[in-house]
Amino acid sequence: MAIENELKKILEDEGSSVVSLCRELVKRPSEDPPGDTRNIAGFIHDHFRKNGVESEIVAPHPEKPNVVATVHGGKPGPHVVFNGHMDTFPVGELTRWKYDPFGGILVDGRLYGRGAADMKGGLSACIHAVVLLNKIKANLPGKVSITCVSDEEVFGPWGTKYLLANNAALHGDALINGEPSSLENIRIGEKGQYWFRFTCHTEGGHGAYAALKQSAIYTMFNLLENLSNLPQELSEISEPVHQMMEAARTNYDSLLCEGATDAALSASMNIGTIKGGLSVNMVPECCVAEVDFRLPPGVPGNKLRNWISTNVSSFANCKYEEYDTQDAYLTNPGHSLAQIACLSAEEITGKKVFPTFSLGGTEARMWRKLGVPAITYGPNHHNMGSPDEYIIAKELITVLWVHSLTAFRFMNSGLDY
Ligand SMILES: [Zn+2]
């Protein structure tokens, strides 16, 4: 316990500087698109080196570098990896912002700026945790790494995807990601995402002959309507996962929105784009729709594929392709990483903390796919992706404590300390 107390003392003395670190990150624009992260990556790389942490820039794409830093503990033990992305959504219409999106402005305890919530806040907590753990490295069993990545907002190949494919050492034994989750939620998984493109072709013709011709738009309309009656089997999840989400229901719904728990537990379908027809006075001969299906963890993607194949086969002039899939993965809520994170968060917040899975995805899924347990813990987000995005600054300090203690305790979990 002596070393843990030493870490807590360091956190008490130096924890609050995570806020100024976050402000520095916000001051370095990294909108994606275009996704040029050289400035912020250079700053983070220098920050690690100034603090005595081994750091390197890994840049498979010259404008989209990644920063990989490592702390080698003085004793053998597990390898904990932190992960966060440096790129952000674009600012959009500047006149809609009250506060400068790149000012790193702090007003009434709120830290404003593009990316403050997604995810320069959580990223600063990860970075600072690594810097502080470095101070006790002689007594640290194992290794701590961090991957500060580019190319996340556009699902590109040059960030996490590249690092995990080219450096197996970064798979580690446990992953801590800092995307916004709220202080009372440890995210241990996410829904699966399946994107399909449907195309209907008909003969088309003159609009005056509408009753005599087949319309590609009407055909698509009928196909999509059939597909939208998603069968119950696409929402059948295991009892333990169901119970886990039910336990969090009140908190989860108040945090996200009313109905969020039901949405998490159910398959969903969103028609994202639809294009068809050439002119108002013509019967359309082609219609294309892009559809985003989401499945809760544990529901096999092939059940959805069967549903789609059966439906499309009854429309002779329609076809489909699946063009992007991210299967759902869930870290076992009973895994020591998830348990240590929940208990640490309860200790620091003084509140009940729930393991849950998220509606949207994070790159933590890439570690889960490799069989590595992964959690996401970050501050609550406000106006994410909108003007005047912000976080509550002091939540960053809580996140830092939970990240640091979770990493430390996981590293020590196999040892008598
Ligand atoms: Zn994000």
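Student: Which residues of H2 are buried?

Tutor: In this predicted model, the buried residues of H2 are Val-18, Val-19, Leu-21, Cys-22, Arg-23, Leu-25 and Val-26. That makes seven of the 10 residues of H2, so this helix is largely enclosed by the rest of the structure.

Student: What covers the buried residues of H2?

Tutor: The cover includes helix H3 (38-50), strand E4 (106-107), strand E5 (110-112), H4 and helix H12 (393-412).

Student: Let's take H4. How should I read a pair of helices?

Tutor: Two packed helices are described by the angle between their axes and the distance between the axes. Here, the axes of H2 (residues 17-26) and H4 (residues 116-134) come within 9 Å and cross at roughly 130 degrees.

Student: Which residues in H2 and H4 meet?

Tutor: From H2 come Val-18, Leu-21, Cys-22, Leu-25 and Val-26. They meet Ala-116, Lys-120, Gly-121, Leu-123, Ser-124, Ala-125, Ile-127 and His-128 in H4. By class, this contact has nine nonpolar, three polar and one charged residues.

Student: How many residues does each domain bring to the contact?

Tutor: Domain 1 contributes seven residues and domain 2 contributes six. On the domain 1 side, four are nonpolar, two polar and one charged.

Definitions and conventions. Residues are numbered from 1 along each chain as its sequence is written. This is a predicted model: local features need pLDDT of at least 70, side-chain atom pairs count only at pLDDT 80 or more; totals for chains, interfaces and linings use all residues. Two residues are in contact if their C-beta atoms, placed from the backbone, lie within 7 Å. Ala, Val, Leu, Ile, Met, Phe, Trp, Tyr, Cys and Pro count as nonpolar, Asp, Glu, Lys and Arg as charged, and the others, Gly among them, as polar. Axes are lines fitted to C-alpha atoms, for helices over the stretch in contact, and angles run from 0 to 180 degrees between N-to-C directions. Helices (H or I, at least four residues) and strands (E, at least two) are DSSP runs, numbered from the N terminus. A residue is buried if 20 or more other C-beta atoms lie within 10 Å of its own, exposed if 12 or fewer, and partly exposed in between; C-beta atoms are placed from the backbone.
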